[in-house]
Amino acid sequence: MRYKAPEKQAEGQTLLDAQIRLLLRATPLMNVLEAACAIAMAWLYWQTETSRALLVGWAAAVLVVILMRGAGLHLLRQLQPERDGAPLQHWRWAILAATTASALLFGAGLVLLNPLETLFQPEMIHNQAIAAALVIGLTIVAMTGYGVYLPAATLYLLSTMSPGLVLIWLSELGDNPVAYAQLLVFMAFMLLAARRLHASSLASLQLQFRNQSLIDYLDRARSDAEALNDKLAGEIRDRKEARQHLQEAKDRLESMVRERTRELEATNRELAATGHRLQLALDASNVYLWDWNLNTGETYNANFSYLLGYEPRDFGSRIQDLEKFIHADDFDRVRKAMVAHFKGQTEQYQVEYRMQHINGKWRWIQDRGRVVEWTRDGRAVRMIGTRRDITEHRQAEEQLRLSATVFENASEGIFILDRNFRFVTVNEYFTRVTGYTEEELKGVSVADTGRLEEKRELYAQITRSLLDEGFWEGELTERRKNGETYPQWLQVSAVYNDAGQLTHYVGMFSDLTARREAEERVQFLSNFDKLTGFANRNQFRERLHKALTLARLNREEVALLFIDLDRFRPINDSLGHEVGDRLLSLAAERLRSLDLDEEALARVGGDEFTVIVDVRDPGRLEQLANQIINTMKKPFLFDQHELLLGASIGISLFPDTAKNVQAMVNQADLAMHQAKRAGGNTFQFYSGDMRVASVEQLALETSLRKAIFKNEFVVYYQPKMELANDRIMAVEALVRWQHPTMGLLPPKDFIPLAEETGLINAIGELVLERSCRQAMQWHQCGHGEIAVSVNLSAHQFRKGNLLEIVDRVLETTQLPPRLLELELTESLIMEDLDANVALLQQLRTRGISLSLDDFGTGYSSLNYLKRFPVDTLKIDRTFVMDLDKNPEDAAITRAIIEMAHSLNMWVVAEGVETDQHLEILRLMGCDSIQGFLISKPVPEQELIELVRNHHASEQSSGGGPR
């Protein structure tokens, strides 16, 4: 059933199309009857009181519908004539509408032409009865004509009878159910008749379709049978013709076989004679024949015993038995060459390989062959070839190849002259050194390639030695083709033939230029720095010793500036030694740009330089030191890097503080380290108390290392007040060292030392963890959301794990990131701008606030500031201290506030100590202040009391947002 569904669907569509065609055939008759009924009803009511305009309008509407239906039927027959079998299903709704329209007009006519007041009146009852009979009769005819398509008949009946029901309902008979029953019974019987008529016509159509299908099938079967008969007849004729052709071919083949037999007998006699001659030729030429049948694997080897000493029985099928004779390193090459020939990739099989002689030695064999017989599918059947022993030839070729290789690839220039000193050949190295090619020199005399007048005596000496001793060697200076001179070491030998006659001269020479340059380079590297070109430590000490000796004799002063580049080491460690070397080269170039004597400059260590200065003007030393510092402070731009360095300079003087070289170096180094402890980017003159301070500094460093493990560091907090509501909403964490003997030490006494020794990373992580934990405790104890600011050092950025430390601390303390603010300086960000900005962006995406500390004291470049992902600017205390006295400080402060607000940044002013400062900053629109006016840095307990008292005072004074 599943597979017949499409056939049934097609059959149903065909039946529907046939019903519609029968419906269309009944339409012309209905058009005539409906037109006649319309005319009759118009004539019947013309003499009554019915409105003639209504009567004419109704009759005209009926006739118009009939005409339109007739025209539509005519148009449909032209578009889809019955003979082409085109489907009419998509026209069925238009046809139904056309048939129903006239029925509705007739039903409506009974209602319109018979108003309620004239219904069943004596003078109208005859007309009404006749009109009803006409409509009923027309309906009966429509049932018989449209019954073939049940929807059309049903719609026609309902369209004509429904207005009658409406008229009965509106008339006096509306209360009489008998009238309804009569009309409904009539409609029911009419529908039953139409349904029966529809079923009968449908069955007839189905039978008609089946009969037609059977007729079509029989026609196709008859056509197939006739075609099969024609094909069988053709095959019979073809067989008869083929039998006749085969007989003719058999006769011709017998005749050809007899003829071919005679030819083969003659050919065999010729082949026998040719084979005998070929065997004689092979024996004479030391070439051995082989014949290989690939189907059977049989191989014929002529004189194989003469080639390798084996008997023919020792040599079986080609591939399998070859492997035991051929060298293991050569067998794969033999197989590939043979397969390539079998595939048609080569015209003939040719390969050279080693085979083992019966005496155990390996002999080189040249093997050649070709497939002489193929199958139809392209498979090789028979292959014939020759092989010969080429061992001696290979050995001779190898000797020649080795000699040529040595000649061309020798690391010395080699040339061959004839007995008259004319060039015969030269090697590649000779051409590279002299510039002369072999083509240019062939047949040219040695005397013509140089200046003979300059070396006439030397050439004569060489000639005498060659004639007397057959050999000469020595060093001489020659000229290249471009005229450039170069040193060379030359050896020339005379060559004699077997008869003892002089035939050639062979010469070899080495270019000594590279050796001379290497010697000079070694000399340079032993005294100068390869990277910068400055004097190295050894040369520096020699020059310093010379300078001190001259100064002692002339009673003059000499100064030594010991320069150490700040922040070079972390840059070198993080960006790599290549960047570090480039940076050192640029730093050296900047030192050269200061118009210093090149001999006064030296590089004595990784990032350490020295300058020896003759002191004629003491003020010149400080000026020079400042020039060096300012030069090194400028950003270094290269390879998309923007790097910041600095310079710490120590200065020692001869003879004021030092009397010899070592003392001068030690003092300058000590002063340089003192400058680094002072924060870098400064210089220090050596003084006698520096050594004592150095010892104390060493002791302090030891104590500092122990303090981390002894938990001697404490955190103080300085509050920040928002000016909008005068409330303390944030604090800055400041570390203090509770030294066991020296008491509480401020940051300036140990932070520089911590940065110098690298301990600042551990101290910074400790402060960050304690501050976050304390802020979380305040939050949990109900003291409000007090944000905590923590300062970051450059060392924490350089180490590269700042992000991991911050994440770990926030996770451990559970502090919301919005309550943490990290403070950093411009110079810190500028050390590696791109990398540091990317790191700050990552911190900011975590919800952590970023503050730019000491703004106004660094570069303060707006170009850089707009790139910094910071939320807060902190105005340095140097601008706030004289805010009420210095108009310039006030103008700068106001400009910073307005600029920060335009960049959507919060502004905090540091160092606020007076009410005048507070009022001025409030008028300027500053967001928050920090300073002794509110509180100095205090421990955590005092801070809580301070916050409580501040809030209580604010509430008692009715404070609030202003």
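You're looking at a predicted model, where local features need pLDDT of at least 70, side-chain atom pairs count only at pLDDT 80 or more, and totals for chains, interfaces and linings use all residues. Residues are numbered from 1 along each chain as its sequence is written, and side-chain values use heavy atoms, leaving out hydrogens and water.

**Stop one: the sheet.** Helices (H or I, at least four residues) and strands (E, at least two) are DSSP runs, numbered from the N terminus. Five strands make an open sheet in the order 2-1-5-4-3, with antiparallel pairing; strands pair if DSSP finds at least two bridges between them. Select 299-301 and 349-356: these are strand 2 and strand 3, the edge strands, each pairing on one side only.

Find Gln 350, and you'll see Arg 368 of strand 4 opposite.

**Stop two: the helix on the sheet.** Select 328-342, helix 9, which packs on the sheet and touches strand 1, strand 3, strand 4 and strand 5. Contact here means heavy atoms within 4.5 Å.

**Stop three: two helices.** Pick 760-780 (helix 22) and 802-813 (helix 24), which pack at about 30 degrees with axes 9 Å apart. Axes are lines fitted to C-alpha atoms, for helices over the stretch in contact, and angles run from 0 to 180 degrees between N-to-C directions. So helix 22 is roughly parallel to helix 24, as angles under 35 degrees count that way.

Methods:
Angles under 35 degrees count as roughly parallel, over 145 as roughly antiparallel, 65 to 115 as roughly perpendicular and the rest as oblique.
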